[in-house]
Amino acid sequence: MNFKIAFQILGVCSILMSCTSTPSQKITNAESYNTYLEIAENKSEQTANEIYTFWTSKLEKSPNQYPYHAKVASAHSQLFKATGEISHLVEAASHLELLNERTKYQNAGYIRSLVRNYISQHRFQEALVLLEKAEVLGENLQATQKMLFDVHLELGNVDEAETYLNIFKNENSFDALIRLSKWYDHEGNLMAAIKAMEKAKFKAEDANNNYLKQWSYTNLADFYGHAGRIKDAYNHYLKALELDPNDAYAKKGIAWIVFSYEKNPAEALRILDTIMSQHKAPDYYLLKAEIAEYMGDIAEKEKNIQTFLSIIEDNNYGVMYTSYEASVLSEELQNTSKAIEIAQQEVKLRPTPQSYDLLAWTYHLQGDSTKALKIMKAHVIDKTFEPVAMYHVAEVLKATGNTAEANDLKEELLESSFEVGPIMAEKIERL
Amino acid sequence: MKTIKSILGIALISLFTLSSCSSDDNTIVIDNTPDFSGTFAQQDQMGRPAVNTVFVGSASKDTFNTTIPSQQSAAFQAMFETNLTGLSPAFANPGDQNALGQDAATFTGLLATDVLNVSLDGTTTFFDGTNVLTGRALADDVITVELLLIFGGEDFTENPNLSDDNVDANDKPFLSSFPYLASPW
Amino acid sequence: MKRVTTILGISIVLIGSFFLIAADHIDAPAVQGTSSDITDFYAFQGEDTNSIAFVVNTQGLLSPAATGNASFNENTLIEINIDTSGDNVEDLVIQAIPRGDKMYFFGPVAPSATGLNSVIETSGTASSVDITAYGSAAITETNNGMKFFAGPRDDPFFMDFAQYGEIIAGNATSFNDPGSDTFAGTNVLSIVVEVPKSLIGGSGTINVWAESKGKQ
């Protein structure tokens, strides 16, 4: 049925035909992941609920026992992880803020807990202020330094990030290796990033720490995806699911492989729907919209975009989805002036190459490609190597008459079609 | 322009590996002899209860945890003494002592070396009214003992509001036999 | 708000890249280092008065629901240090390290080097015990006159930790009566070893302390 609609749209059917008629090699096997999709109960959620009940009742009985706030917060964080329900993240923050007020921001461990929460909420500037307090306090200083690296990198403070990296980069620990990996990735050195993450994975396996193993499997899977090693990516998502059958992130990764590599949108949607029955996150709707677009089901696409926009109206999401909101506004709703406002705010909060790319790209969509190019030359080109930003750069180069440079980029972008997905791959094709 | 070349290179290689990939790459290695190799570096240490919490400022905690006991007194006694006299009215004046007859310097000299003294010749207890620091038994109310030594003054009567946390026993009875600790909740 | 464009050809990419979202939303796990913290250390004469029992606890404030998922870190060596000569330098160590479902023990043995860095002293008496699973009866093992246990137990510590913190922070000037046991109803991961006194000095006073050491 969806196929029929697609056929009615001139100029598109040929693309779809070429996509569907030359399927990539099949990598996934529904039999091996179905068991995880069929899991009726969410065990992590149940456990987190029991933990939550335990600590809240203790806290009610003895309200002066402030360490319990840390435990209630931790239960909320686990619930957020298990269900995606954003209110848990905000609840966790309020307990951690209370805890830190009670201890007058003199306990570095409690400060770091709050910082982790702020990082999840993308409140990086507040996180930085707190980490600087914790740095003065000491008390597991190495942990504070590692988080300072994280936050500086998120804020686009590359030099500061590197200064902290230099403190621990030769440390052969899981915590150091995952950050070294992140740094290599930031520099566009994917091979080195993978190597460091593989070492971290061995560390997690060596420690036999299920949580760190699961974390490193999904992160490594993402990197393998970047590198076009789809089979390896798939296998690592499965390894994560072996440890936690409810791992929504790993399931989403498999859905992406099924959609982007195997060009099987219906199966990808089936996977997504089972994830969404247990786990909430606004970005699932964007993914569904993209799949709907690929299937030519425009009504379904619109519906999902509107759902996304209405969900993120929830204030609890804060600034977590603002960059996506800007993209949707400018690309789908032609509301570039609002999008520019958001993008400018994003640049202010987080002056990273990605934020500048968002701003430049929005100017381009508004028709000011010269301004876009100027921003990109100053803040994007050579500073990030993410294919989406590269694609934006190529479009802007083309629009400003720099055809040769745009073509150079196009050649390279063509190789990242799995990671950007079929819709964007098609855009790249037409550069 | 430096772009995404590294991705390109790997993508080509992966095409090759993909086609040669079979599904049996999850070899299970059965390891009968655990690996005990490697060097293990100090992260945390503990002798007496709560010493680190009470007397070591947060800026010094990392160093304290990685200073070997034989060097702790030289490195930390002065800080302990400063923190003790700052914290406890019972040690606010020169000449103040605790019930063991220790002045601030002697008391903190003992505490700064964070080891547990254990007698191999009889009763083992943190303090039972008679024996002092001959071990630490599960039921010992070590916190109240420490509070008394810190706040209780020469005869354990000073600062009564500070010298007992009024939690005197565990919430589950201990076992008389190994492994002694009560079963988990 | 304008309608969503309905022409596929000019719609642009929403997500762009799965992995871009990925990078945004998988935050790094909490920095390790506190997972190896020793919460408590005990040393007392055993039921058999010719022996001393040592208890090393880690991972405090475990709620019952969290206990089943708590596990010892295989990269963390727990070391009981014993000074028999009164110089606060260890003359003997008892080491414990988990591998799979077992906790392995070595010693008491004179360490090949004293101080901050250790290797596992495999020349020492080797013992092991199955790690007791949460909800099961305690599994113990004996070897060479020694007894061994590893697994979750009730946290034996009791203290009004919060009120103490309030006093230190200057928020309160006295303890409450009755106080509130911060650790009531919670569990820890415990290692318990009982050793004949003859293996750790025989008589007199020894100085002991526990260390956690991370694999490099």
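Below are worked exercises on the contacts and salt bridges of a predicted model.

Local features need pLDDT of at least 70, side-chain atom pairs count only at pLDDT 80 or more, and totals for chains, interfaces and linings use all residues. Residues are numbered from 1 along each chain as its sequence is written, chains are lettered from A in the order written, and side-chain values use heavy atoms, without hydrogens or water.

**Exercise 1. Describe the interface of chain A and chain C.**

Step 1: count the residues. Chain A brings 82 residues and chain C brings 61. Contact means heavy atoms within 4.5 Å.

Step 2: take the area. About 6300 Å² is buried between the two chains, and carbon and sulfur atoms give 58% of that. Buried area is the accessible area (1.4 Å probe) that two parts lose on being put together, summed over both.

Step 3: find the polar links. The rule gives two salt bridges across this interface. A salt bridge is a side-chain nitrogen of Lys or Arg within 4 Å of a carboxyl oxygen of Asp or Glu. There are also 13 residue pairs in polar contact, both at pLDDT 80 or more. A polar contact is a pair of N or O atoms within 3.5 Å; within protein, one must be able to donate a hydrogen and the other to accept it, and residues adjacent in sequence count only if both atoms are side-chain atoms.

Step 4: look at the side of chain A. Helix α13 (residues 210-226) gives the most to it, with eight residues. Helices (H or I, at least four residues) and strands (E, at least two) are DSSP runs, numbered from the N terminus. By class, this side of chain A has 37 nonpolar, 19 polar and 26 charged residues.

**Exercise 2. Describe the interface of chain C and chain B.**

Step 1: chain C contributes 88 residues and chain B contributes 66. About 6300 Å² is buried, 62% of it on carbon and sulfur atoms.

Step 2: two salt bridges cross here. One of them joins D35(B) and K215(C), at 3.8 Å from N to O. Strand β11 (residues 205-215) of chain C gives the most to the side that touches chain B, with eleven residues.

**Exercise 3. Which elements hold the partners E166(C) and R102(A), and why does E166(C) count as buried?**

Step 1: the closest N and O atoms of this salt bridge are 2.9 Å apart. Over all chains the structure holds 24 salt bridges. This pair runs from helix α3 (residues 161-168) of chain C to helix α6 (residues 86-102) of chain A.

Step 2: E166(C) counts as buried because its relative accessibility is 8%. R102(A), at 22%, is partly exposed. Buried means under 20% relative accessible area, exposed over 50%, partly exposed in between (1.4 Å probe, protein chains only).

**Exercise 4. Trace the surroundings of N42(A).**

Step 1: N42(A) is in the loop between α3 (30-37) and α4 (43-61) of chain A. At 6% relative accessibility, N42(A) is buried.

Step 2: leaving out residues up to four places away in sequence, N42(A) touches A82(A), N246(A) and Q278(A). The side chain of N42(A) reaches the backbone oxygen of A82(A) at 3.1 Å.

How values were computed. Nonpolar A, V, L, I, M, F, W, Y, C, P; charged D, E, K, R; others polar.
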